Amino acid sequence: MRNSKTNELVLTGLFTAIIIIMAFTPLGYIPLVVINATIIHIPVILGSLFCGPKKGAFLGFVFGFTSCLKATIVGGTLSSFVFSPVLAASLVGTSGIFKSLFIAFVPRILVGVIPYFVYIGIKKVLASEKKNLWGTVLNVLMSVFLAFGVYAFLGKMSESLSQAATLGIGIAVGAVVFIVVEAVFIRKSTQVIPFVYAGVAGAMTNTLLVMGSIFVLYKDAYADAIGVAGNAVLGVITGVISFNGVIEAIVAAIIVYLVGLVLNTIKPIAAK
């Protein structure tokens, strides 16, 4: 028990350091003019899995604090005010303090909580008598999600490809992944899908809650900041979710799976 607690504290400290380094270097954010696409959620997700939801929530708080601090001091995007109570207060008044604190902290704290329960829940499902059926269902959902991500990415990044071509490539990639993962299940390995879904859940928790909160709390101010009409904000936010969010989720799924497999041999994940 003492060794387990010590390992968790060491990992929590390590993940905290990684989050801080990523937050204040180019390693953690990908600037996309309107908003920063982030990969800082990845150490938060891993911390949630290997240190438990309480320490995961702490790591999420650190993530939120760094985004709040960076938005206030550095700025860098048109939407920095949504994470900075100082900038928000100067823009929309006192209410902006609470709105920006909510957006900066609540989604990020939940990034450190939700993946743990997703991982544990899927592990339990895959340990049931119908694990092959549930594994296939989850595999189908994951493959469809990946196919959509490839379609969205190619559609955004390549003007030379037709919509039919990007859709075809997306479906092909999803089908290949489905076959590969299904083959892994035939070999009775149940490590892939829980880690992948934990990564996707953490990334999408961040994207959906941040962008959803921006729409609910800052619709008009956000529209003014990025120079669009108020009725166009929903389309912009949907685009960010379907492009940034899906790509971030795919990257998170891959890294969480690869790093998670290694860490799991050192410190197996235990239900708390």
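**Exercise 1.** Are helices H3 and H5 roughly parallel or antiparallel to each other?

*Solution.* The structure is a predicted model, in which local features need pLDDT of at least 70, side-chain atom pairs count only at pLDDT 80 or more, and totals for chains, interfaces and linings use all residues. Residues are numbered from 1 along each chain as its sequence is written, and side-chain values use heavy atoms, with hydrogens and water left out.

Step 1. Identify the helices: H3 covers residues 53-73 and H5 covers residues 95-111. Helices are DSSP runs of H or I with at least four residues, and strands are runs of E with at least two, numbered from the N terminus.

Step 2. Consider the axes, which come within 7 Å and cross at roughly 150°. Axes are lines fitted to C-alpha atoms, for helices over the stretch in contact, and angles run from 0 to 180 degrees between N-to-C directions.

Step 3. Apply the classes: angles under 35 degrees count as roughly parallel, over 145 as roughly antiparallel, 65 to 115 as roughly perpendicular and the rest as oblique. H3 and H5 are therefore roughly antiparallel.

**Exercise 2.** Which residues make the contact of H3 with H5, and how do they divide by class?

Step 1. H3 contributes Ala57, Gly60, Phe61, Phe63, Gly64, Phe65, Ser67 and Cys68 to the contact, while H5 contributes Ala104, Phe105, Arg108 and Ile109. Contact means heavy atoms within 4.5 Å.

Step 2. These residues comprise eight nonpolar, three polar and one charged. Ala, Val, Leu, Ile, Met, Phe, Trp, Tyr, Cys and Pro count as nonpolar, Asp, Glu, Lys and Arg as charged, and the others, Gly among them, as polar.

**Exercise 3.** Describe the packing of H9 with H10.

*Solution.* Step 1. The axes of H9 (residues 192-226) and H10 (residues 233-266) come within 7 Å, crossing at roughly 155°. This angle makes the two helices roughly antiparallel.

Step 1. Their crossing is right-handed, and the contact has 26 nonpolar, five polar and two charged residues.

Step 2. Glycine 212 lies in H9. The C-alpha atoms of glycine 212 and isoleucine 237 are 7.8 Å apart, although 25 residues separate the two in sequence.

**Exercise 4.** Is glycine 28 buried or exposed?

*Solution.* Step 1. Locate glycine 28 in the loop between helix H1 (2-23) and strand S1 (29-31).

Step 1. Recall the cut-offs: buried means under 20% relative accessible area, exposed over 50%, and partly exposed in between (1.4 Å probe, protein chains only).

Step 2. Glycine 28 has 1% relative accessibility, so this residue counts as buried. By contrast, glycine 212 is partly exposed at 28%.

**Exercise 5.** How are the rings of phenylalanine 148 and tyrosine 151 arranged?

*Solution.* Step 1. The whole structure holds six aromatic pairs. Rings of Phe, Tyr and Trp (its six-membered ring) pair if their centres lie within 6.5 Å; planes under 30 degrees apart count as stacked, over 60 as edge-to-face and the rest as tilted.

Step 1. The pair of phenylalanine 148 and tyrosine 151 is tilted, with 6.5 Å centre to centre and 45° between the planes.

Step 2. Both residues lie in helix H7 (residues 131-157), three residues apart, about one turn of the helix. Phenylalanine 148 is partly exposed at 39%, and tyrosine 151 is partly exposed at 24%.

Terms used: A crossing is left-handed if the near helix is turned anticlockwise from the far one by less than a right angle, and right-handed if clockwise.
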